[in-house]
Amino acid sequence: MLTNSSNFSRHVFQIICIAMVCISNGVVVRVSQAAELNIWVMSTTAQPQQDMREILRPYLANNPGLRVNVTVLNWESALGKIKAAAASGQGPDLVELGSTWVAAISALDALEPIGLAQQAEVGGEHAFFPALWVTTHRHNQGKVFAIPWYAGARVAFYRIDLFKKAGIKASEAFANWSSFKQAMQKVNGVNFEGKKVAALGYPGKSDSDILHNLAPWIWNAGGDFLSPDRRSASIYSPETFQAVTYYTSFAEEGLVPLSALEKDSAQIESGFFANQYAVIFSGPWILKMMSTSKAKGGQMETAAAQNFGVASYPAGIKGNQTFFSGSDLALMKSSKNKEEAWKLLKFLVGREAQLKFSKLSGMLPARLDAVNDPSLMKDPHYAEFIEQVKLGRHYPVVAAWAQLELVFRSQIANIVALVNGQKNTLTSPAVKKNLEQASQQANAILATERQ
């Protein structure tokens with residue numbers, strides 16, 4: 001319901017006649033109460049309340065008797081609030097769930113299953129990125145509890161002008177781990193406007209995305225976080241050890257400044273815009289930030305925004321997969337108006353609504369028909385980005401992942417904290433100790449889940 005003066009008379013009539021039998025021109029008319037839905041979403045866009053109203057505007061125009069109340073949650077506290085709502089049975093009708101949360105909330109019996117007929121209404125499994133569809137249901141369980149809404153994926157952003165100045169071809173630099181290390185050694189310290197630019201920027205021990213940043217390197221080395229049956233941890237492995245030591249070697253060798261290790265992801269991205277790093281790994285929101293800079297004629301325009309390229313992760317022995325995440329929409333079992341709630345969910349995960357959300361947020365649509373829409377693909381950098389994320393991969397979809405992620409993140413942070421810019425200070429025993437502890441703690445969590 002968009003509350004404006006043109007609708008005033010109709011709203012007064014509805015209020016008077018709610019739950020009543022009204023008489024109009026001598027004819028008895030039974031009027032039912034207007035539907036009202038509550039939806040919880042995350043603070044993903046710059047103006048989440050206004051942006052959601054803009055996305056909902058065409059749907060509400062076609063459903064004038066519907067009122068939608070939007071509540072915006074902060075990412076940091078959202079999972080706790082959603083779990084509390086699940087336990088109390090007093091949650092919203094629709095809820096946005098981070099792609100790693102669906103398994104946990106569905107395990108609380110708080111989500112309404114989405115049947116095959118409903119799945120078909122939104123295009124079914126093959127309408128969405130495969131890496132996101134796996135998040136709609138728990139591992140080895142076919143029952144679907146959510147539909148993908150939007151996506152995020154990681155790629156390399158690099159400075160074309162600095163690569164050229166250092167005599168580096170991007171196609172060779174990002175070919176594999178060996179060539180990437182050589183390229184970073186070559187571009188490190190290249191001069192730009194009288195200042196030296198560091199080869200690579202990535203955040204350190206305090207960054208909340210530290211596990212997301214490392215995951216592709218672990219996968220591309222052949223490692224993983226859990227065993228294939230998801231019953232035990234597999235992070236304590238030669239493959240993960242190789243990935244961690246390779247990743248941290250850039251900081252040990254001075255190719256990542258020590259100052260970067262004190263920053264978070266947003267600060268590293270700002271450093272790329274400010275000519276501090278030749279390469280960073282980040283998500284599609286960078287494209288929106290670059291585009292916004294050009295439109296406003298900002299200070300980023302003359303350098304980073306005009307001279308950046310997109311590349312895949314350098315290939316390890318097991319390929320060059322990237323980290324995929326995003327959000328799904330789910331229908332709460334406690335909803336008193338499931339029919340209307342499903343109709344709204346179906347609209348929001350539709351092509352047009354996902355396109356609108358993508359343009360407002362900078363995230364990728366989860367739908368493949370929206371991802372490849374000409375209005376997005378006309379940006380050559382966006383087209384490059386999409387080309388690089390076809391090999392997307394998501395974390396294991398298990399109910400305990402939130403707890404497991406905290407464990408893995410903590411132990412990886414401990415390893416990164418040991419880096420001090422000196423070669424060989426990060427010893428093999430120290431790395432192995434933290435990975436072993438991560439494995440032991442994760443196995444304890446998994447054992448508790450099985451009881």
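Predicted model: local features only at pLDDT ≥ 70, side-chain atom pairs only at ≥ 80, totals over all residues.

Which residues line the largest cavity? I found Val-41, Met-42, Thr-44, Thr-45, Pro-48, Asp-51, Met-52, Glu-96, Trp-149 and Phe-357 there.

Residues are numbered from 1 along each chain as its sequence is written, and side-chain values use heavy atoms, with hydrogens and water left out.

Entry on the cavity. I noted 1 cavity of 30 Å³ or more, and the largest cavity holds about 50 Å³ of space. A cavity here is a set of points on a 1 Å grid over the protein atoms alone where a 1.4 Å probe fits but cannot get out; lining residues have an atom within 4 Å of a point. The volume is the space filled by probe spheres set on the points, which are joined across faces, edges and corners. Strand S3 (35-42) and helix H2 (48-62) each give at least two lining residues, and H2 has the largest share, with 3 residues. Helices (H or I, at least four residues) and strands (E, at least two) are DSSP runs, numbered from the N terminus. By class I read 6 nonpolar, 2 polar and 2 charged residues in this lining; Asp, Glu, Lys and Arg count as charged, Ala, Val, Leu, Ile, Met, Phe, Trp, Tyr, Cys and Pro as nonpolar, and the others, Gly among them, as polar.

Entry on the second largest pocket. A pocket is an open set with protein on both sides within 12 Å along at least five of seven lines. I read about 350 Å³ of space in this one. Its lining has 14 residues, with His-139, Gln-141, Arg-230, Val-398 and Ala-399 nearest the centre. The lining divides into 5 nonpolar, 3 polar and 6 charged residues.

Entry on aromatics. I noted 35 aromatic pairs. Rings of Phe, Tyr and Trp (its six-membered ring) pair if their centres lie within 6.5 Å; planes under 30 degrees apart count as stacked, over 60 as edge-to-face and the rest as tilted. Phe-180 and Phe-250 have ring centres 5.5 Å apart and planes at 55°, so I logged the pair as tilted. Phe-180 sits in helix H9 (residues 177-187) and Phe-250 in helix H11 (residues 238-252), so the pair ties together parts 70 residues apart in sequence.
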